[in-house]
Amino acid sequence: MIEKKDVVAYCLTFREVYEDYPFHDPNWCVMRHKGNRKVFAWIFHREGHVWVNVKCDPEWRDFWRQAYPSVVPAYHLNKEHWNSIILDGSVPEQEIRRMIEESYGLTGGDAALR
């Protein structure tokens with residue numbers, strides 16, 4: 001998963017979510033819960049790659065950052081609770097999906113209901 005459209009398509013597989021462009025900038029897409037409008041994925045182009053900001057449990061935050069050099073403290077968000085995944089091909093798709101799913105759950109979604 002390295003294309004923005006692929007990340008958006010995966011996020012849309014979750015229940016009660018929608019794609020939003022709150023900054024009126026096509027570079028910045030956010031995926032939100034319909035019920036609480038909370039964002040669970042920030043998707044944008046930066047430095048030649050697609051980046052995805054995801055919320056993470058602080059207990060896992062450092063694990064992901066140590067496991068993959070392309071998982072870094074979140075660009076433009078609280079670095080205690082958010083990571084950026086740089087989609088440069090070095091993070092396995094299964095792990096990207098796992099991080100997005102965790103973010104969905106932490107922001108108010110029930111991943112079991114996908």
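1. Ser103 touches Phe40, Val54, Lys55 and Trp82, leaving out residues up to four places away in sequence. Contact here means heavy atoms within 4.5 Å. Ser103 lies in helix 3. Helices (H or I, at least four residues) and strands (E, at least two) are DSSP runs, numbered from the N terminus. Ser103 counts as buried, at 0% relative accessibility. Buried means under 20% relative accessible area, exposed over 50%, and partly exposed in between (1.4 Å probe, protein chains only).

2. The basis of the values comes next. This is a predicted model, in which local features need pLDDT of at least 70 and side-chain atom pairs count only at pLDDT 80 or more, while totals for chains, interfaces and linings use all residues. Residues are numbered from 1 along each chain as its sequence is written, and side-chain values use heavy atoms, with hydrogens and water left out.

3. Two strands pair if DSSP finds at least two bridges between them. Strands of a sheet pair through backbone hydrogen bonds, either parallel or antiparallel.

4. Strand 3 deserves a look. Six of its eight residues are buried, so strand 3 is largely enclosed by the rest of the structure. Four bridges pair it with strand 2 in the antiparallel sense. Trp42 in strand 3 is the bridge partner of Val30. Six bridges join strand 3 to strand 4, also antiparallel. There, His45 has Val50 in strand 4 as its bridge partner.

5. Which residues take a positive phi in the two hairpins? In the hairpin of strand 2 and strand 3, with five residues between the strands, Arg37 has a positive phi near 65 degrees. In the hairpin of strand 3 and strand 4, with two residues between the strands, Glu47 has one near 50 degrees.

6. At the other end of the strand order, three bridges join strand 5 to strand 6 (residues 82-87), and these strands run antiparallel. Pro73 stands opposite Asn83 in strand 6. Asn83 is buried, with a relative accessible area of 0%. Its side chain makes a polar contact with the side chain of Arg65, at 2.6 Å. A polar contact is a pair of N or O atoms within 3.5 Å; within protein, one must be able to donate a hydrogen and the other to accept it, and residues adjacent in sequence count only if both atoms are side-chain atoms. Beyond four places in sequence, the contacts of Asn83 include Val52, Val54, Trp64 and Val72.

7. Val91 is in the loop between strand 6 and helix 3. Not counting residues up to four places away in sequence, Val91 touches Tyr68, Ser70, Val71, Ile85, Ile96 and Met99.

8. The whole structure holds 16 aromatic pairs. Rings of Phe, Tyr and Trp (its six-membered ring) pair if their centres lie within 6.5 Å; planes under 30 degrees apart count as stacked, over 60 as edge-to-face and the rest as tilted. Tyr10 and Phe14 are edge-to-face, 5.3 Å centre to centre with 85 degrees between the planes. Tyr10 is buried at 5% relative accessible area, and Phe14 is buried at 3%.

9. Phe44 and Trp51 form a tilted pair, 6.0 Å centre to centre with 35 degrees between the planes. Phe44 is buried at 0%, as is Trp51 at 5%. Ring pairs link Phe23, Trp28, Trp42, Phe44, Trp51 and Tyr75 into a cluster.

10. Arg46 meets two of these rings. Its charged end sits over the ring of Trp51, 4.9 Å from the centre. Arg46 also lies over the face of Tyr75, at 3.8 Å from the ring centre. A charge sits over a ring if NZ of Lys or CZ of Arg is within 6 Å of the ring centre and within 35 degrees of the ring normal.
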